[in-house]
Amino acid sequence: MQQTDEFYMRQALREAEKAFEMGEVPIGAVLVIGDRIVARAHNQVELLKDPTAHAEVMAITAACDFMGAKYLPEATLFITLEPCLMCSGALYWSKIGRVVFGASDPKNGYGRQVNTTPFHPKTKVQSGLLEKEALELMQSFFKNRR
């Protein structure tokens with residue numbers, strides 16, 4: 001059964017909710033190849049005391065391990081928030097085929113840092129999928145932290 005992009009983004013939102021419950025910045029990701037989710041991840045920066053433990057990096061690492069490969073040209077990463085520059089670099093080096101994110105991140109997203117795409121030239125990028133839901137989760141998290 002073929003799923004839709006919205007289905008996969010809802011799965012990423014579930015991952016973001018897990019991060020929220022753990023006191024992590026609520027960002028979630030799922031990495032899909034074909035119609036199969038091969039990796040799920042959420043931010044674990046606080047838990048692991050590791051500034052690189054972003055959802056995107058965790059998903060790439062898990063997917064590469066699962067696939068036994070270092071490149072993911074057939075994969076799509078669904079992420080609730082625009083990737084930061086670090087994560088964009090990891091996505092570049094993984095040669096991921098497609099990135100779909102929910103909400104833009106004007107403070108820390110790659111768009112604030114660069115005027116051109118930081119992704120591999122063959123990577124397709126889509127933004128704004130379930131943006132409202134992703135933004136509401138982020139706003140709720142930071143409102144509760146104040």
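Helix α1, which covers residues 5-21, has 17 residues and reaches 25 Å from its first C-alpha to its last, close to the 24 Å expected at 1.5 Å a residue, where the expected span is 1.5 Å times one less than the number of residues. The model described here is predicted, and local features need pLDDT of at least 70, side-chain atom pairs count only at pLDDT 80 or more, and totals for chains, interfaces and linings use all residues. Residues are numbered from 1 along each chain as its sequence is written, and side-chain values use heavy atoms, with hydrogens and water left out.

**Overall fold**

- The protein contains 6 helices and 5 strands, these being DSSP runs (H or I, at least four residues, for helices; E, at least two, for strands) numbered from the N terminus.
- Along the sequence, these elements follow the pattern α-β-β-α-α-β-α-β-α-β-α.
- The radius of gyration is 14 Å, close to the 15 Å that the globule rule gives for 146 residues, so the protein is as compact as a globular protein of that length; the radius is taken over C-alpha atoms, and the rule is 2.2 Å times the number of residues to the power 0.38.
- Of the 146 residues, 45% count as buried, a term that means under 20% relative accessible area with a 1.4 Å probe, protein chains only.
- Residues 24 or more positions apart account for 61% of the contacts with a separation of 6 or more, a contact being heavy atoms within 4.5 Å.

**Helix α1 and its surroundings**

- The buried residues of α1 are Y8, M9, Q11, A12, L13, E15, A16 and A19.
- These buried residues pack against the strands β1 (28-33), β2 (36-42), β3 and β4 (98-103), and also against helix α6 (131-145).
- After α1 comes G23, whose phi is positive, near 80 degrees.

**T76 in strand β3**

- T76 belongs to strand β3, which spans residues 75-81, and its relative accessible area of 12% makes T76 buried.
- Not counting residues up to four places away in sequence, T76 touches V30, L31, V32, I96, R98 and V100.

- L72 lies in the loop between α3 (55-67) and β3, and at 3% relative accessibility L72 counts as buried.
- Leaving aside neighbours within four places in sequence, L72 is in contact with L31, I33, I60, A63, C64, M67, S94, K95, I96 and G97.
- The C-alpha atoms of L72 and N144, which are 72 residues apart along the chain, are separated by 37 Å.

Conventions. Buried < 20%, exposed > 50% of the residue type's maximum accessible area, 1.4 Å probe, protein only.
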